[in-house]
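My notes follow in the order I made them.

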Amino acid sequence: MTVRPAYHALSAHHGKVGGALLRDLFAEDPRRGERFAAEAAGLYLDYSKQRVTGETLRLLAALARECGLNERIEAMFRGERINLTEGRAVLHVALRAPREARIVVDGRDVVPDVHATLDRMARFAAAVRDGAWRGHTGKPVRAVVNLGIGGSDLGPAMAYDALRHYATRDIGFRFVSNVDGTDLAEAVRDLDPETTLFVVSSKTFTTVETLTNARTARAWLVGRLRDDAAVGRHFVAVSTNAAEVEKFGIDTENMFGFWDWVGGRYSMDSAIGLSTMIAIGPEAFRAMLGGFHAMDEHFRSAPFERNLPALHALLCVWNANFLGAHSLAVLPYDQYLRRFPAYLQQLSMESNGKRVTRGGAEVGHETAQILWGEPGTNGQHSFFQLLHQGTRLVPCDFLGFCTSLNPLPEHHDLLMANLFAQGEALAFGKGEAEVRAEGVGEALVPHKTFPGNRPSNTILAEKLTPAVLGSLVAFYEHSVFTQGVIWDVNSFDQYGVELGKVLATRIHAELRAESEPRLAHDSSTNALIRRYRNRIF
Ligand code: F6P
């Protein structure tokens with residue numbers, strides 16, 4: 001990125017406008033609030049409170065072009081193996097392609113396979129929902145427990161929460177991810193095994209946390225129903241690895257597959273979404289896919305200047321690489337989206353938390369921001385103090401909906417008033433003169449002053465529907481993709497998770513060894529292991 005002519009132009013431009021005040025930018029252009037906004041696939045993005053001018057955006061778009069964004073988008077949609085380190089295509093866009101589309105990987109059109117799986121999922125989901133699918137003792141399903149971790153948990157868990165309004169209330173849904181036994185123990189504590197269905201979700205079907213939870217869940221079920229054969233009616237699998245599924249003891253008749261061209265963090269709209277489909281029904285699930293697809297089409301075709309995911313990514317690059325922001329706060333003003341920041345953490349940080357370029361050289365610039373967030377208005381009463389008056393620059397994405405799904409009198413206007421107020425306060429602050437004019441004593445003036453000039457986006461939609469959720473997720477997916485292209489990193493591998501896994505396997509054996517093992521770690525790790533083994537307290 002730093003060798004591109006547009007980058008140099010941006011650096012020079014930053015020298016001129018880096019210190020510009022949002023207050024002045026708005027005063028200079030009375031229509032800025034409407035002009036610095038774009039709309040597509042049910043989403044309205046207001047980026048006028050970002051510290052950019054028209055020229056900044058023009059140069060950022062030029063940088064994206066110079067980094068080959070157009071070509072890379074096409075390469076992704078064409079199914080080229082853009083995940084270079086793993087030699088794989090990256091085709092989550094195929095998961096939501098309409099039936100009549102054609103996307104060829106290795107000479108095979110994958111769209112019919114996608115729809116065949118969706119149709120199987122739909123039949124199964126409908127059978128569970130209407131009670132046709134019976135447990136081992138003949139009872140209908142009343143609880144679905146998804147066992148998975150990372151992308152095999154965060155997507156389904158987030159989507160269930162997000163779309164709970166549309167979910168059947170006849171079945172309860174739980175998501176168990178942590179290898180900490182507390183997660184599973186608390187999840188099944190009050191469940192009836194006769195009416196519980198476990199969905200073991202794992203792309204590889206080798207992930208130790210998920211398989212440990214699945215084995216314990218199987219023991220819980222078989223122990224209570226006193227019949228190994230019960231597994232067949234109470235366990236289904238979602239995976240790309242039929243051999244491991246079979247080895248675990250789940251009939252592949254009860255397995256829903258997907259493909260190596262779907263990354264874990266890009267899989268909530270694949271069979272990994274089985275629990276989502278059981279919750280909201282096949283029709284609503286397809287509506288969600290429609291929302292994803294609408295954003296895909298927009299991303300592929302709209303010029304960068306009006307392209308929502310591209311604009312979002314360009315602003316992230318500007319904030320991270322030119323204004324020095326280290327993090328991005330995502331603040332959904334909607335309780336249903338309470339897990340959305342956690343979902344986006346994996347999407348963004350596992351994708352772009354990289355320190356070498358696609359070619360393996362060290363990058364000469366910052367890459368992924370630390371993404372975090374909490375729903376509004378809760379965050380306002382905890383960490384917003386730092387956002388307004390701290391020393392760090394934290395760009396924010398505010399998300400909100402015009403229509404509430406639970407229109408209790410008073411609540412929604414209050415919620416939205418807070419959303420709009422926070423963006424305004426961050427951008428324009430409250431100067432010393434204003435504080436003094438309120439009669440504040442001199443000693444308190446610095447404490448009560450808000451510097452402002454803190455950038456934010458506001459993303460609005462009419463209502464949180466399955467289609468809007470799809471569109472919102474695709475918006476962030478493509479923003480992450482665009483950021484990765486500009487930073488020249490491979491957004492689709494995750495080697496950074498490997499080392500800890502390998503060391504944990506070794507330490508696990510040492511923790512379980514009968515006799516005191518000979519430890520060859522550093523002195524800190526050795527001492528911790530000894531203390532744990534011998535319960536020294
Ligand atoms: O350890 C990281 C990771 O590989 C994620 O990328 C993935 O989403 C998660 O583990 C779970 O993997 P799987 O679906 O194969 O169990």
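I began with Arg 88. Is it buried or exposed, or in between? Arg 88 counts as partly exposed because its relative accessibility is 26%. My scale calls a residue buried under 20% relative accessible area, exposed over 50%, and partly exposed in between (1.4 Å probe, protein chains only). Glu 86, at 24%, is also partly exposed. The two side chains meet in a salt bridge, 3.5 Å from N to O. I count a salt bridge when a side-chain nitrogen of Lys or Arg lies within 4 Å of a carboxyl oxygen of Asp or Glu.

A note on what I am reading: this is a predicted model, where local features need pLDDT of at least 70, side-chain atom pairs count only at pLDDT 80 or more, and totals for chains, interfaces and linings use all residues. Residues are numbered from 1 along each chain as its sequence is written, and side-chain values use heavy atoms, with hydrogens and water left out.

Next I looked up Arg 96. Which residue does Arg 96 form a salt bridge with? The partner is Glu 477, with the closest N and O atoms 2.6 Å apart. The pair links distant parts of the chain, 381 residues apart. Arg 96 sits in the loop between helix H5 (69-77) and strand E3 (104-105), while Glu 477 is in helix H20. Helices (H or I, at least four residues) and strands (E, at least two) are DSSP runs, numbered from the N terminus. Arg 96 is buried at 3% relative accessibility, and Glu 477 is buried at 1%. I also found Arg 96 and Glu 477 in a salt-bridge network with Asp 269 and Asp 296.

Then I checked Arg 99. It forms a salt bridge with Asp 119, at 2.9 Å between the closest N and O atoms. Arg 99 is in the loop between H5 and E3 and Asp 119 is in helix H6 (residues 111-130), so the pair ties together parts 20 residues apart in sequence. Arg 99 is partly exposed at 47%, and Asp 119 is partly exposed at 22%. For the whole structure I noted 32 salt bridges.

Last, the interior. A nonpolar core here is a set of buried Ala, Val, Leu, Ile, Met, Phe, Trp, Tyr and Cys residues joined through side-chain atoms within 4.5 Å. The largest has 128 residues, and those touching the most other members include Leu 197, Trp 261 and Tyr 476. Helix H20 (residues 466-487) gives the most to this core, with twelve residues. A second, separate core of 26 residues includes Phe 205 and Val 231.
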